[in-house]
Amino acid sequence: MRLSKLLVPTLKEDPADAEVISHKLMVRAGMIRKLTAGIYSYLPLGYRSLRKVEQIVREEMDAAGAQEVFLPVVQPSELWKESGRWDIYGKELLRFKDRHERECCLGPTHEEVITDLVRREVRSYRDLPLNLYQIQTKFRDEIRPRFGLMRGREFIMKDAYSFDASEEGAEQSYIQMRDAYEKIFHRCGLVFRAVEADSGPIGGSFSHEFMVLADTGEDIIVSCDSCNYAANLEKAEIRNEPASFASLSGNPQKAHTPNVKTVGDLAQFLNISPLSIIKTLILRTEKGPVVVLFRGDHELNEIKVKNFLDVAEIEMADATLIEKVTGGPLGFSGPIGLQDVHVLADHAITTIQSAVVGANEADTHFINVDPLNHFRVDDFGDFRAASEGDLCSRCSGKLRFNKGIEVGHIFKLGVKYSKAMNASFLDPEGKETFMIMGCYGIGVSRVLAAAIEQNHDNDGIIFPPPLAPFTVIITPVGAKSDTISDASQKVYEDLWSAGIDALWDDRDERPGVKFKDADLLGIPFRVTIGQKALAQGNVELRDRKTKENRLVKPDEIVSTIRTQINSWGAGL
RNA sequence: CGGGGUGUAGCGCAGCCUGGUUAGCGCGCGUGCCUUGGGAGCACGAGGCCGCCGGUUCGAAUCCGGCCACCCCGACCA
C-alpha cells in the first residue's frame with residue numbers, strides 16, 4: 001500500500017479523553033476513532049491489525065478442531081428466558097423491542113443461541129464432540145466503559161462452545177482449548193499467564209483466565225515466586241500458617257474502649273498491632289446470618305465464603321442484624337458467647353496468642369483472648385483475600401502480585417445450559433443425556449490494546465511483527481529523485497512478491513515527519529532509502545524495537561527481513 | 001446511579017471570575033516561495049450555531065435555570 005492513499009490520520013498530541021497508553025497511541029496512530037462512549041470505529045490500520053489477531057485465533061482454533069460459524073447479534077428474549085438469564089443478566093444486556101413489540105437483545109455472549117442451534121441439529125452421540133466458534137461483535141452495556149478498546153461496550157470477541165457426550169470428553173475439550181490459547185497468545189507475542197479463576201457454582205479447577213501482564217491492567221494476578229501456581233485475586237488460595245505456641249493461661253478480661261470501633265482505632269487506643277486483633281464480621285446470606293473472624297490486618301474474600309457456604313448472596317449486615325446476632329452494637333462485635341449462629345474463622349486467627357476481640361457491648365473489648373479455647377468456631381478455613389507475601393498453597397513459596405489484562409477466559413459450563421434448554425442426545429444405549437458444555441472466550445480487540453500496553457516506547461507503538469498492520473515501512477527521504485523512487489519501488493515490489501506486507505511512505509513529506517510517523521505506527525521494520533547510502537549501493541534497515549540501523553543491499557532486503565522475522569519468533 | 005470535572009475551528013487549548021466593537025493561540029488544512037536524514041521557515045488564506053433550550057440584560061462565549069454529551073473516582077463486570 002502507498003501511505004499517500006491510505007487513511008491514516010496521525011495526531012501529534014494525545015487526545016484529551018484518553019487515559020491509558022494503548023488508547024492514546026491507537027488514536028494518535030490513526031487506528032481507531034471514537035463514535036460515542038465505549039464504541040469505536042476501526043480505520044484501515046487498526047482494522048488490519050485486528051484482522052491479524054483474528055487470523056491467528058482462527059488458525060489455532062481450526063487446528064484444535066473447532067469449526068467457525070457466525071451467529072446473530074440480535075437475539076429473541078425467549079431464549080434468554082429459557083436459560084433463566086433474562087431476569088438475572090442486569091442492565092448490561094441491552095434490550096429493545098422490534099416493530100411487533102417483540103422483546104429482543106443485543107448479544108453480549110451466545111450460549112443461548114448456540115445451545116438452541118445444537119439442540120436442534122445434534123441428536124446422537126455420534127455427532128459429538130462438537131466445538132463451534134465465531135469471531136464477532138459483542139455488545140455489553142457497561143456501566144462505565146473506559147480505556148479505549150480495553151473496556152468498550154461494543155467489542156470484538158472470539159467465543160467458542162464445546163459439546164461433549166461425557167465428562168472425560170468435556171475435560172479433553174477443555175484441555176485442547178487451553179493448549180490452543182497458549183499457542184494463540186504466544187504467537188501474538190504477548191507476555192501472559194494462565195491463571196486459575198473462580199468457576200462459580202460449577203466447581204473444580206475448570207476455569208482459567210489468560211492475563212497479559214501490564215501495569216495498566218484492571219485485574220490482579222497472584223502468582224507464586226517459586227512454583228507455577230497462579231490465580232486471580234478472588235481465587236488465590238493461601239496456605240495456613242501453623243501456630244507454634246502454648247495455649248494461653250488466664251481468662252479474657254474486659255477493657256473499656258469508648259467509641260473505638262475500627263481495627264485501626266483499636267490498635268492505636270490499646271497501642272497494639274492489628275495483628276493481635278480479631279475482626280468479627282457479621283454477614284447476611286440467603287441462608288441466614290453468618291459470622292466470620294479474621295486477623296485484624298486481613299480482608300474478607302467474599303467468593304471464598306460464598307463457595308464454602310454454597311450461597312449466592314453475601315452482604316455486610318446492618319446494625320439491626322448485628323444487634324440481633326450478637327446482642328451488641330455495631331463496632332464491638334466479637335465471637336465470645338455467640339449463640340445459634342454459624343461461626344467461621346480464617347486460619348490466620350490461630351497465629352494470635354493473645355487476641356483482642358469485641359465484647360458485644362458498647363465501648364467494650366476483651367483482651368487476653370485465646371483463639372483456640374475461649375470461643376466456639378464451627379469451621380476454620382481460607383476465607384481471606386490474599387495479600388502479597390502470603391504463603392503459596394502448593395509449595396513453600398510466597399505469593400506475589402502483578403497487574404494483568406484479561407484477554408481470555410475458558411471454563412467448563414457442565415450441563416447448566418443444556419439442562420435449562422434441553423439440549424440432549426441419545427447415547428449408545430439409546431438413553432437421552434444432556435450435553436456437557438464448555439465455553440471459551442478471547443477478547444480480540446482487547447488483545448490488540450493489551451499488545452500495545454505491553455509494547456511501546458516514548459515514540460509510539462512497537463508492534464510484535466505478527467500483529468503489525470504492516471511488517472515493513474519503506475521510507476524514501478531527501479529531495480525527490482528518480483534513483484530514490486526507483487529504488488523504493490523496487491524494494492516495495494520485491495517485498496510484496498515475497499509475501500511480506502510493506503507500506504510505502506510515498507508522501508511528499510520531510511524526513512522528520514516520515515520518521516516520526518513510522519515510529520508512532522509501530523511498524524517493526526523500516527527501510528530507509530536515501531541518497532547517501534544509495535550512492536554506496538545500500539539502503540538502511542532499522543529495527544523499531546532495538547532502534548538498530550544496518551546497511552543492506554537492496555537485493556538482500558527480503559532475505560534479511562525474513563531472517564529477522566524468523567529470529568523474532570524464535571526469541572519468544 | 002452517587003461524587004468531581006469538561007464542552008469555544010479537524011486536534012490541543014486560552015478567553016468566562018469582573019457581560020461591551022470584528023472570539024483568540026498552537027498544531028493541522030489550502031496556495032506560493034524556500035527547504036529536504038528526526039514533527040523546518042516565510043507570506044497569504046479558508047475554517048466557529050462559543051454543546052442545546054430557555055431566562056436576565058440596551059447588550060451574553062461570559063450571569064442564572066434546565067437538558068444533553070464526554071472524561072475521571074466509586075459501586076458493577078456470564
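**Notebook: chain A and RNA strand B**

I sorted the residues of the surface near RNA strand B by type: 12 are nonpolar, 9 polar and 13 charged. I keep in mind that this is a predicted model.

Next I looked up which residues come closest. RNA strand B is surrounded by 34 residues. The closest are Ala16, Pro511, Gly512, Phe515 and Gly530.

Which helices each supply at least two residues of this surface? I found helix H13 (511-521) and helix H14 (531-535). H13 gives the largest share, with 8 residues.

Then I checked the domains. Chain A is divided into domain 1 (16-236 + 401-452), domain 2 (253-381) and domain 3 (470-570). I noted 38 Å between the centres of domain 1 and domain 3, taken over C-alpha atoms.

I turned to helix H5, residues 111-121. Its buried residues include Glu111, Glu112 and Asp116. Val113, Ile114, Thr115 and Val118 are buried too. What covers them? Among the elements I listed are strand E4 (74-76), helix H3 (77-83) and strand E7 (130-139). The cover also includes strand E8 (154-164), helix H10 (416-420) and strand E24 (436-443).

Last, I looked at a helix pair. The axes of helix H1 (residues 21-28) and helix H11 (residues 444-454) come within 8 Å. They cross at roughly 100°, so H1 is roughly perpendicular to H11. H1 makes the contact with Ile21, Ser22, Leu25 and Met26. H11 makes it with Ala449, Ile452 and Glu453. I sorted these contact residues as well: 5 are nonpolar, 1 is polar and 1 is charged.

Technical notes:
Residues are numbered from 1 along each chain as its sequence is written. Chains are lettered from A and ligands numbered from 1 in the order in which they are written. This is a predicted model: local features need pLDDT of at least 70, side-chain atom pairs count only at pLDDT 80 or more; totals for chains, interfaces and linings use all residues. A residue is near a molecule or strand if its C-beta atom, placed from the backbone, lies within 6 Å of it. Helices (H or I, at least four residues) and strands (E, at least two) are DSSP runs, numbered from the N terminus. Ala, Val, Leu, Ile, Met, Phe, Trp, Tyr, Cys and Pro count as nonpolar, Asp, Glu, Lys and Arg as charged, and the others, Gly among them, as polar. A residue is buried if 20 or more other C-beta atoms lie within 10 Å of its own, exposed if 12 or fewer, and partly exposed in between; C-beta atoms are placed from the backbone. Two residues are in contact if their C-beta atoms, placed from the backbone, lie within 7 Å. Domain bounds come from an automatic or database domain assignment. Axes are lines fitted to C-alpha atoms, for helices over the stretch in contact, and angles run from 0 to 180 degrees between N-to-C directions. Angles under 35 degrees count as roughly parallel, over 145 as roughly antiparallel, 65 to 115 as roughly perpendicular and the rest as oblique.
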